[in-house]
Amino acid sequence: MAAKRALVTGASRGIGKAIALALAGAGFDVAISARTVHPGEVRDNSLTIHGTDTRPLPGSLEETAAAITALGRKALSVPLDLTDRASVGAAAQKVLDVWGGVDLLVHNGRHLGPGLMDLFLDTPVDAYGKFIEAHCIAPIILTRAFIPGMLERGSGLIVNITSSSAYDTPPAPAGKGGWGLAYAIGKASGHPLTGTLHAEYAARGIRAFNVQPGFVGTERNEITVRGYGRELVGAAPPAAIAAVVAWLATSEAAAPYAGTSIEAQDFCLEKQLYPDWRTA
């Protein structure tokens, strides 16, 4: 029996890397995409217009691929910039050319840049377009590339890693416990994809889910929080969110949740999918 195939965007680190490894552990071959291909690559990681941050972030596609193969599964690295439509299309075509399609598509990658932690009047208007490209247009392009094959086979799974910023009011201004409007608009623009896919294709074997991870202790979040003079406290480990996605991908009991938005941390604890990090 052929192995299941998955594509996970934003898989060089954080939640995406954890999802890729959890799926490999569940028997999937995994195509992984991100901008960072090799360790130590340098680019501006600033989340605000008020400064630059060129510190290399931990993680790369090269390292994630090595971890997948160490688990005995195939890895396919696909460099991808979610804000560049040509890059998104080329990445999808590479996966189609090499693997012929995927059984599971995880929209995890996101754009992080100026506007994410900027106040309304400080946010450049052109920042909004980048967030919409990454969180709405890119997932649409990828889904359009892979869903025809899923429909032909009569089965497929699409998971969108959403955010509470898509529907909640910030608890404080950006940079002081809240987030910028550009990020919120980007996540909100991608949020309805799940419901649309469910309404149109559930009867043809397609399952779609929104998964809201909450505050997660990723490498980037740890660096960002410390940059604001705070410590990363109470955050869920990326592997806990990955355990939820792996369960959705492998359990028949996941069917009733199709078309819904899942609060991943509560869901993980309720179903005991990962050890309780709150007691660590």
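These are my notes, in the order I looked things up.

**Before starting.** I am working from a predicted model.

**Entry 1: H1 and H8.** I began with helix H1, residues 14–25, and helix H8, residues 238–250. Their axes are 8 Å apart, and the packing angle is about 45°. H1 and H8 are therefore oblique to each other. I also looked up the hand of this crossing, and it is right-handed. Who makes the contact? On the H1 side I wrote down Gly14, Ile15, Ala18, Ile19, Ala22 and Leu23. On the H8 side I have Pro238, Ala239, Ile241, Ala242, Val245, Ala246 and Ala249. Sorted by class, this contact comes out as 12 nonpolar residues, one polar and no charged.

**Entry 2: H3 and H4.** Next I went to helix H3, residues 85–99, and its packing with H4. The two axes come within 10 Å and cross at roughly 30°. Roughly parallel or oblique? An angle under 35 degrees counts as roughly parallel, so H3 and H4 are roughly parallel to each other. Their crossing is right-handed. From H3, the residues I found in the contact are Arg85, Val88, Gly89, Ala92, Val95 and Leu96. They meet Glu133, Ile137, Ala138, Ile141, Leu142, Ala145 and Phe146 in H4. By class I get 10 nonpolar, one polar and two charged residues for H3 with H4.

**Entry 3: H4 and H5.** I stayed on H4 and turned to its packing with H5. Here the axes come within 8 Å, crossing at roughly 30°. That makes H4 roughly parallel to H5. I noted a right-handed crossing for H4 and H5. H4 brings Tyr128, Phe131, Ile132, His135 and Cys136 to the contact. H5 answers with Leu181, Ala182, Tyr183, Ile185, Gly186, Lys187, Ser189 and Gly190. The class tally for H4 with H5 is eight nonpolar, four polar and one charged.

Entry 4: The largest cavity has a volume of about 60 Å³. Which parts supply at least two residues each to its lining? Helix H4 (125–153), strand S5 (156–161) and helix H5 (181–190) each do.

**Entry 5: one tyrosine.** Last, I looked up tyrosine 201. Where does it sit? Tyrosine 201 is in helix H6, residues 193–201. Leaving out residues up to four places away in sequence, tyrosine 201 touches Ile147, Leu151 and Ile206. I also checked tyrosine 201 against glycine 154, which is 47 residues apart from it along the chain. The C-alpha atoms of the two are separated by 9.8 Å.

Conventions:
Residues are numbered from 1 along each chain as its sequence is written. This is a predicted model: local features need pLDDT of at least 70, side-chain atom pairs count only at pLDDT 80 or more; totals for chains, interfaces and linings use all residues. Side-chain values use heavy atoms; hydrogens and water are left out. Axes are lines fitted to C-alpha atoms, for helices over the stretch in contact, and angles run from 0 to 180 degrees between N-to-C directions. Helices (H or I, at least four residues) and strands (E, at least two) are DSSP runs, numbered from the N terminus. Angles under 35 degrees count as roughly parallel, over 145 as roughly antiparallel, 65 to 115 as roughly perpendicular and the rest as oblique. A crossing is left-handed if the near helix is turned anticlockwise from the far one by less than a right angle, and right-handed if clockwise. Contact means heavy atoms within 4.5 Å. Ala, Val, Leu, Ile, Met, Phe, Trp, Tyr, Cys and Pro count as nonpolar, Asp, Glu, Lys and Arg as charged, and the others, Gly among them, as polar. On a 1 Å grid over the protein atoms alone, a cavity is a set of points where a 1.4 Å probe fits but cannot get out, and a pocket is an open set with protein on both sides within 12 Å along at least five of seven lines; lining residues have an atom within 4 Å of a point. Grid points are joined across faces, edges and corners, and a volume is the space filled by probe spheres set on the points.
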